[in-house]
Amino acid sequence: MKQHLPLLALLALLTAPMAHAVEYRTVLPKQSTIHFEFRQMGVPVKGGFKRFSTEMAFDPARPEAARASIEIDLASIDAGSPEADDESAGKLWFNRSAYPKATFVSSRIRALGSNRYEMRGTLTLKGRSREIVVPVTYTPGGSAAIFEGGFVLKRLDFGIGEGMWADIATVANDVQVKFRIAATGN
Amino acid sequence: MRYSTPAIVLHWLVALLIFATFPLGLYMVDLPLSPDKLKLYSYHKWIGVSVFLLVTIRLGWRLTHTPPALPDGIAAWQRRASAVTHGLLYGLMVAIPLSGWLMSSAKGFQIVWFGVLPLPDLLEKNRELGELLAGVHKALNFTLLGLVILHVGAALKHHFIERQPFLQRMGWNRKART
């Protein structure tokens, strides 16, 4: 055993920096979710998107170099009921035939300490782009790291629900969006 | 003989609410989705929950107070039919709002009474169960409609055709003679 110690020490030296330098690039779609919640006549309604693709690169040692982008297939919506799913495709809502996707592209990521980050980026929905700021929590894990965050989307900023649906007394303007992205290093 | 004042007030209040929310329910279901539809659904649910609450109070009152005796000269079978009908009316007035509440829960829409008081969801979200409960809610409502027609018809028949002092029993006039 003793004669192996130098070798073990060498191995440890070689692998330790690699362990620190893990960069999360591979997103696990099945373990990742995007949900939202809004109020309709004062009633909380939950929904989400089943299909979206995420590209990211995140090295905890160099958060300022991190980047993320998400593309959501709006046809995969669960808006709380089949009737609402159908309605959401129409011109007054997502106008999905013209704008089938929602996208987010990060522009700047800043470490806030204790595995919390602030991610700035551009959200594009229905042809309109807005800068948003999203707090993100990073949880290292054995098989995959988890990135969780959320923000309040003002639906009228993007023309989501126009005409008669612009009445925010019926459907609130605030939509709480929450995501959970699982990723592994490669 | 007259019912007690609380029984009379509750009877007419519940009747008024049912006569408002029943046609509202029929009208709203086939509307295309719109903010108005969402509002009408909420009003329907708020009224339904109010009926549920008032009927609970009514049942408590009814179980602790004896209603006035029926006038003489009513056949035994009619007395039995009346007892059965009243029992079913009470049962439906509880079961119908409850089935609506269960349906709303199963469809994933919590009820927030008057937009202020959230009621607990009685079921997990389950689309098939929601559809099933919609059918149950509708069937119970049409049963209620039939029984209400029978109930009103019998009261009118006793009062106007058989000239028995009947409508006074649930009337506002304290001095009504029997």
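Figure 1. Chain A has two helices and 11 strands, where helices (H or I, at least four residues) and strands (E, at least two) are DSSP runs numbered from the N terminus. Along the sequence, these elements of chain A follow the pattern α-β-β-β-β-β-β-α-β-β-β-β-β. Because this is a predicted model, local features need pLDDT of at least 70 and side-chain atom pairs count only at pLDDT 80 or more, whereas totals for chains, interfaces and linings use all residues. Residues are numbered from 1 along each chain as its sequence is written, while chains are lettered from A and ligands numbered from 1 in the order in which they are written.

**Figure 2. The nonpolar cores.** A nonpolar core is a set of buried Ala, Val, Leu, Ile, Met, Phe, Trp, Tyr and Cys residues joined through C-beta atoms within 7 Å. The largest such core has 49 residues, and those with the most contacts inside it are Ile72(A), Ile181(A) and Ala183(A). Strand E11 (residues 171–185) of chain A gives the most to this core, with seven residues. A second, separate core of seven residues includes Ile18(B), Val55(B), Leu92(B) and Met93(B).

**Figure 3. The side of chain B that touches chain A.** Counting two residues as in contact if their C-beta atoms, placed from the backbone, lie within 7 Å, 12 residues of chain B are in contact with 14 residues of chain A. Helix H2 (residues 35–64) of chain B gives the most to this side of chain B, with four residues.

**Figure 4. Helix H4 of chain B.** Helix H4 (residues 127–161) of chain B has 35 residues and reaches 50 Å from its first C-alpha to its last, close to the 51 Å expected at 1.5 Å a residue, the expected span being 1.5 Å times one less than the number of residues. The buried residues of H4(B), which are Leu133(B), His137(B), Leu144(B) and His158(B), pack against helix H3 (76–106) of chain B. H4(B) is followed by Arg163(B), whose phi is positive, near 55°.

**Figure 5. Trp12(B) in helix H1.** Trp12(B) lies in helix H1 (residues 5–29) of chain B, and Trp12(B) counts as partly exposed because it has 13 C-beta neighbours inside 10 Å, a class that falls between buried and exposed, the latter meaning 12 or fewer. Trp12(B) and Arg62(B) are 50 residues apart in sequence and 14 Å apart in space, C-alpha to C-alpha.

Note on methods. A residue is buried if 20 or more other C-beta atoms lie within 10 Å of its own, exposed if 12 or fewer, and partly exposed in between; C-beta atoms are placed from the backbone.
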